[in-house]
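The exercises below ask for a reading of one protein chain, from its overall layout down to single residues. Try each task before reading its solution.

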Amino acid sequence: MVPEKATEIGIDEISLIICQRSERKEAKTERLNKIITAAIKQSLKAYHPILNEPIAFSKFLAQSFDGQKFIAHCEDGEKQA
């Protein structure tokens with residue numbers, strides 16, 4: 001699961017993005033926070049990443065942000081690093 005692996009590698013913030021072909025339009029943030037907490041304990045991390053509420057893709061792109069943004073997806077084709 002992406003939140004678990006993202007926590008293990010030290011991501012600061014996780015944003016759930018709603019796209020045109022998203023299978024789910026809402027998320028169980030309480031459950032995801034429990035998964036993140038378990039990943040913190042397992043990987044001995046000291047920081048709980050921020051889990052943002054689901055947001056439309058266009059609104060996500062419009063947000064100002066200092067740093068890098070990475071988007072995890074399952075589409076076929078070439079992936080950029």
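This is a predicted model: local features need pLDDT of at least 70, side-chain atom pairs count only at pLDDT 80 or more; totals for chains, interfaces and linings use all residues.

**Exercise 1. Overall layout**

State which elements the protein chain contains and in what order they run.

*Solution.* 
1. The secondary structure consists of three helices and two strands.
2. Read from the N terminus, the order is α-β-α-β-α.
3. Along the principal axes, the C-alpha atoms fill a box of roughly 35 × 30 × 30 Å.
4. Among contacts with a separation of 6 or more, 65% join residues 24 or more positions apart.
5. The chain has 81 residues, of which 17% count as buried.
6. Its accessible surface is about 6900 Å², and carbon and sulfur atoms hold 51% of that.

**Exercise 2. The buried face of α1**

Find which residues of helix α1 (residues 2-9) are buried, and determine how they are placed around the helix axis.

*Solution.* 
1. The buried residues in α1 are Pro-3, Ala-6 and Thr-7.
2. Viewed down the axis, the buried residues of α1 lie within an arc of 100°, so they line one face of the helix.
3. The partners of the buried residues of α1 are β1 (13-18) and α2 (29-43).
4. Just after α1, Gly-10 has a positive phi of about 95°.

**Exercise 3. The largest nonpolar core**

List the residues of the largest nonpolar core and name the element that gives the largest share.

*Solution.* 
1. The core has seven residues in all: Ala-6, Ile-14, Leu-16, Leu-32, Ile-36, Ile-40 and Leu-51.
2. Two or more residues come from each of β1 and α2.
3. The largest share, three residues, is that of α2.
4. Leaving aside residues up to four places away in sequence, Leu-16 touches Ala-27, Thr-29, Leu-32, Leu-51, Asn-52, Glu-53, Pro-54 and Ile-55.
5. As a general rule, nonpolar side chains in soluble globular proteins tend to be buried together.

Terms used:
Residues are numbered from 1 along each chain as its sequence is written. Side-chain values use heavy atoms; hydrogens and water are left out. Buried means under 20% relative accessible area, exposed over 50%, partly exposed in between (1.4 Å probe, protein chains only). Helices (H or I, at least four residues) and strands (E, at least two) are DSSP runs, numbered from the N terminus. The arc is that of the directions from the helix axis to the C-beta atoms. Contact means heavy atoms within 4.5 Å. Accessible areas come from the Shrake-Rupley method with a 1.4 Å probe; for residues, only the protein chains shown count as cover. A nonpolar core is a set of buried Ala, Val, Leu, Ile, Met, Phe, Trp, Tyr and Cys residues joined through side-chain atoms within 4.5 Å.
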